[in-house]
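Hi everyone, thanks for coming.

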Amino acid sequence: MNFELVLRHWDLFVWGVWTTLHLTVIALALGMLIAIPSALSMSRPSRFTPLVRGYVYVFRGTPLLVQTYLIYYGLAQFELVRDSFAWPVLREAWWCAVIAFSLNSGAYSAEILRGAIKTTPKGELEGARALGLSERQVTWLVLLPSALRRALPQYGNEVVFMLHGSVVASVITIQDILGVGRTVNAKYYISYEGLLTAAALYMIITYITVRLFRLVEERYLRHLNMDRGKGKVVIQDPQPIPEMR
């Protein structure tokens, strides 16, 4: 295997890493903006709850590749879309990938948050109400921060899955990490060098991402792991109550 060709095109792989990270971060940020109201809607039934549940079911029940194809290739088949104000955006592969990835991440993140909200101890909410906080304050100052902390491990997995799922962008002409690897392979008629380099780059980014989430979890979930290390809680046997004379 000739990795000299990879070194010769290191600038392309740097651009691929930037494209992958840029796309993933934007999709995760927009997905979280979708997930928070969606999770609250599913946790507190309203007239919009069936619509939100339908959205979550569709995007969790279909592959990301299919969703990307439908947005990039499918919408262009409708003349109404081509004549609309949105066509300058929808005709670009980048924005179609952003839309597909954001909607997909929003659906998965909404389900993660819904589960975290459901398991929030009622005592936390009752204590906040006892202090005189309004329902909106309870939601934004107590419920959501508590749920987000408990959802960190699952959301870390979603970030990694979104990073890996971003390879779908390469099939709609976006030069991400995998796209650059495939381009190098096709240019020089080689089979492994570009793909192995892409795999190594994804592994490095994944390792860094996982380590960052571990540090965040240790910081914000320390109170849930008090039986580790110096924070171990020792419960002493209760002292007998002296008999009354």
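**Overall build**

The chain has twelve helices and zero strands; here helices (H or I, at least four residues) and strands (E, at least two) are DSSP runs, numbered from the N terminus. With a radius of gyration of 24 Å, well over the 18 Å that the globule rule gives for 245 residues, the chain is more spread out than a compact globule. That radius is taken over C-alpha atoms, and the rule is 2.2 Å times the number of residues to the power 0.38. Along the principal axes, the C-alpha trace spans about 95 × 50 × 25 Å.

A word on ground rules. This is a predicted model, where local features need pLDDT of at least 70 and side-chain atom pairs count only at pLDDT 80 or more, while totals for chains, interfaces and linings use all residues. Residues are numbered from 1 along each chain as its sequence is written, and side-chain values use heavy atoms, with hydrogens and water left out.

Now, how much of the chain is buried? Buried residues make up 38% of the 245, where buried means under 20% relative accessible area, exposed over 50%, and partly exposed in between (1.4 Å probe, protein chains only). As for contacts, meaning heavy atoms within 4.5 Å, take those between residues at least 6 apart in sequence: 76% of them join residues at least 24 apart.

**The core**

Let's go inside. A nonpolar core, in this talk, is a set of buried Ala, Val, Leu, Ile, Met, Phe, Trp, Tyr and Cys residues joined through side-chain atoms within 4.5 Å. The largest one has 45 residues, and Phe101, Leu113 and Ile117 touch the most other members. Helices that each supply at least two residues of this core include H2 (10-43), H3 (49-61), H4 (64-74) and H7 (93-118). Which helix gives the largest share? That is H7, with eleven residues. Leaving aside residues up to four places away in sequence, Leu113 touches Met32, Ala35, Ile36, Ala39, Leu148 and Ala151. As general background, nonpolar side chains tend to be buried together in soluble globular proteins.

Not counting residues up to four places away in sequence, Gln67 touches Val58, Phe59, Thr62, Ala100 and Asn104. Val58 and Asn104 are 46 residues apart in sequence, yet 9.2 Å apart in space, C-alpha to C-alpha.

Further along, Thr206 lies in helix H12 (residues 193-220). Is Thr206 buried or exposed? At 15% relative accessibility, Thr206 counts as buried. Its contacts, again not counting residues up to four places away in sequence, are Val160, Leu163 and His164.

**Two loops to look at**

Last stop, the backbone. Thr173 has a positive phi of about 75 degrees although it is not a glycine. You will find Thr173 in the loop between H10 and helix H11 (177-188), and it is exposed, with a relative accessible area of 57%. Tyr189 also has a positive phi, near 55 degrees, in a residue other than glycine. Tyr189 sits in the loop between H11 and H12 and is exposed, at 78% relative accessible area.
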